[in-house]
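Please look over the model shown here.

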Amino acid sequence: MDATLIALGALALSGALATIAGCAEDLESDVGSQSNPNSQVQLAPQMGNIHRYFNKAISGEPVAYGLYVAVAGSVAYAIMQLGVTPLLAMVLGAGVAALVHGAYAISAYLGRIVGQSKNFGQPVYWDIVMSHIGPIVGHGFIAVFCMVLMAYLANTVLGNPFPLPLIALIFGITVGAIGSSTGDVHYGAEREYQKYPFGGGVPVANHGDIDVKAEYGLRNGMDSSYFCSRLGGPLTGLCFGLIVFLDGWRGVIGDVLQGGNVISASTISVVIGLIIVALLAIANRKVEVFARNKYGPYTK
């Protein structure tokens with residue numbers, strides 16, 4: 001029972017870390033305009049909208065965060081083999097990943113904007129680089145460190161058989177995919193496409209036709225992050241945290257409820273997982289029906 005309590009404690013900590021990591025990842029992608037539809041600012045110059053957004057949308061978030069967290073996990077694992085304290089090793093690994101992140105972000109921004117300056121007249125705003133790179137790297141560091149610590153707990157406490165770098169890679173890909181799905185529903189289109197009706201998405205023909213004026217001055221990525229910290233970031237964190245916690249919880253409960261050699265712990269875990277998926281599907285359907293009945297169907 002003591003081992004079970006330790007596992008549940010590590011799982012609860014992992015869920016909290018996942019919530020923080022998901023929120024930080026989503027807000028970082030907002031500052032850098034990496035995720036869709038924020039990434040559609042890359043088309044703004046072609047639509048005649050000269051903008052002051054920091055845009056680093058060259059690869060998707062799952063690929064990018066898979067790289068960052070895998071780098072951090074690999075560096076931390078290598079440093080731990082030298083006898084360094086795990087927590088310090090993970091901080092150093094996340095720091096190296098932050099440097100990689102910053103280098104990628106600056107090169108991506110300059111490469112994209114310079115490519116658009118000749119044909120579409122999009123200027124390179126160096127003050128945008130200097131003012132945005134700090135929040136990008138800072139949010140990225142928080143997200144990466146949390147996921148490396150999660151990977152360490154999964155490997156040492158929760159019994160995950162994979163090595164630390166591989167677990168870190170999987171977590172990075174996962175949080176990037178969640179940021180590109182859950183987060184996207186709650187940001188971007190509401191803020192950057194305010195002249196279009198809300199609720200119907202952004203048609204492809206309107207991509208890049210963004211609002212460039214804010215309440216005071218011209219908009220930039222920081223304006224998006226302030227707006228998205230209300231819903232997009234917290235909901236992304238909540239989604240990632242629930243996935244990590246519920247997936248680990250079913251495994252722990254499977255071990256507790258294992259009935260001798262008759263029913264294996266893995267079988268119980270699979271059954272519990274299917275029940276959770278069914279309950280979530282029912283809840284999702286009820287929420288959708290409630291919203292459609294309350295607010296009506298999408299207009300043509």
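Helix H9 (232-257) gives nine residues, the largest share, to the lining of the second largest pocket. Helices here are DSSP runs of H or I with at least four residues, numbered from the N terminus. A pocket is an open set of points on a 1 Å grid over the protein atoms alone, where a 1.4 Å probe fits, with protein on both sides within 12 Å along at least five of seven lines; lining residues have an atom within 4 Å of a point.

This is a predicted model, in which local features need pLDDT of at least 70 and side-chain atom pairs count only at pLDDT 80 or more, while totals for chains, interfaces and linings use all residues. Residues are numbered from 1 along each chain as its sequence is written, and side-chain values use heavy atoms, without hydrogens and water.

The second largest pocket holds about 550 Å³ of space, the volume being that filled by probe spheres set on the points. Among its 24 lining residues, Ala 154, Leu 158, Asn 160, Asp 247 and Gly 248 are closest to the centre. The lining divides into 15 nonpolar, seven polar and two charged residues; Ala, Val, Leu, Ile, Met, Phe, Trp, Tyr, Cys and Pro count as nonpolar, Asp, Glu, Lys and Arg as charged, and the others, Gly among them, as polar.

Helices H3 (residues 86-120) and H4 (residues 126-156) pack with their axes 8 Å apart, at an angle of about 145°. Axes are lines fitted to C-alpha atoms over the stretch in contact, and angles run from 0 to 180 degrees between N-to-C directions.

By an automatic or database assignment, the chain is divided into domain 1 (3-241) and domain 2 (258-299). Their C-alpha centres lie 28 Å apart.

Conventions. Helix = DSSP H or I, 4+ residues; strand = E, 2+ residues; numbered from the N terminus.
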